[in-house]
Amino acid sequence: MIESNILVMTTTGSKDEAVKLANTLVERRLAACVNVVPHVQSVYRWNDKVEHAEEFLLLIKTYGTALERVRTLNRE
């Protein structure tokens, strides 16, 4: 059976948080590579108001079989 490769995207509120998550994912072999893209401007609705925030985008290159573990780690 061929394992599928997938790309997971998530954001963090700080560079330190992004780098920590990226390192943990790669160290635990849950991702082959994680790209951290700085200074992403996000516009979203929260509590019925339009909000703006600067975030860091993580592009997580992982495997279909690791997706649930990546999600779990991302929630911690």
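Let's start with the nonpolar core. A nonpolar core here is a set of buried Ala, Val, Leu, Ile, Met, Phe, Trp, Tyr and Cys residues joined through side-chain atoms within 4.5 Å. The largest one has 14 residues. Leu-25, Leu-30, Val-34, Leu-58 and Ile-60 have the most contacts inside it. Three elements each supply at least two of its residues: α1 (15-27), β3 (49-63) and α2 (67-75). The largest share, 4 residues, comes from α1. As a general point, nonpolar side chains tend to be buried together in soluble globular proteins.

Some ground rules. This is a predicted model, where local features need pLDDT of at least 70, side-chain atom pairs count only at pLDDT 80 or more, and totals for chains, interfaces and linings use all residues. Residues are numbered from 1 along each chain as its sequence is written, and side-chain values use heavy atoms, with hydrogens and water left out. Buried means under 20% relative accessible area, exposed means over 50%, and partly exposed is in between, with a 1.4 Å probe and protein chains only. Helices (H or I, at least four residues) and strands (E, at least two) are DSSP runs, numbered from the N terminus.

Now the overall layout. The protein chain has 2 helices and 3 strands. From the N terminus on, they run β-α-β-β-α. The C-alpha trace spans about 45 × 25 × 20 Å along its principal axes. Of the 76 residues, 29% count as buried. The accessible surface is about 5700 Å², and 52% of that belongs to carbon and sulfur atoms. Those areas come from the Shrake-Rupley method with a 1.4 Å probe; for residues, only the protein chains shown count as cover. Next, contacts, meaning heavy atoms within 4.5 Å. Take those between residues at least 6 apart in sequence: 62% join residues at least 24 apart.

On to α1. This helix has 13 residues. From first C-alpha to last it reaches 18 Å, close to the 18 Å expected at 1.5 Å a residue. The expected span is 1.5 Å times one less than the number of residues.

Which residues of α1 are buried? They are Ala-18, Leu-21, Ala-22, Thr-24 and Leu-25. They sit on the same side of α1, because they cover an arc of only 165° around the axis. That arc is taken from the directions from the helix axis to the C-beta atoms. An α-helix has 3.6 residues a turn, so residues three or four places apart point the same way. On the other side of α1, Lys-15, Asp-16, Lys-20 and Glu-27 are exposed.

What do the buried residues of α1 pack against? The partners are β1 (5-12), β2 (33-46), β3 and α2. Leave aside its neighbours within four places in sequence, and Leu-25 is in contact with Leu-30, Ala-31, Val-34, Ile-60, Val-70 and Leu-73.

Thr-24 is also in α1. Its relative accessible area is 16%, so Thr-24 counts as buried. A polar atom of its side chain lies 2.9 Å from the backbone oxygen of Lys-20. Thr-24 and Asn-74 are 50 residues apart in sequence, yet 10.0 Å apart in space, C-alpha to C-alpha.

Over to strand β2, and Ser-42. Ser-42 is buried, at 14% relative accessible area. Its side chain makes a polar contact with the side chain of Glu-55, at 2.5 Å. A polar contact is a pair of N or O atoms within 3.5 Å; within protein, one must be able to donate a hydrogen and the other to accept it, and residues adjacent in sequence count only if both atoms are side-chain atoms. Not counting residues up to four places away in sequence, Ser-42 touches Glu-51, His-52, Ala-53 and Glu-55.

Most residues other than glycine have a negative phi. Arg-29 follows α1, in the loop between α1 and β2. Its phi is positive, near 60°. Arg-29 is exposed, with a relative accessible area of 71%. Where is Asp-48 found? Asp-48 is in the loop between β2 and β3. Asp-48 is not a glycine, but its phi is positive, about 65°. At 66% relative accessibility, Asp-48 counts as exposed.
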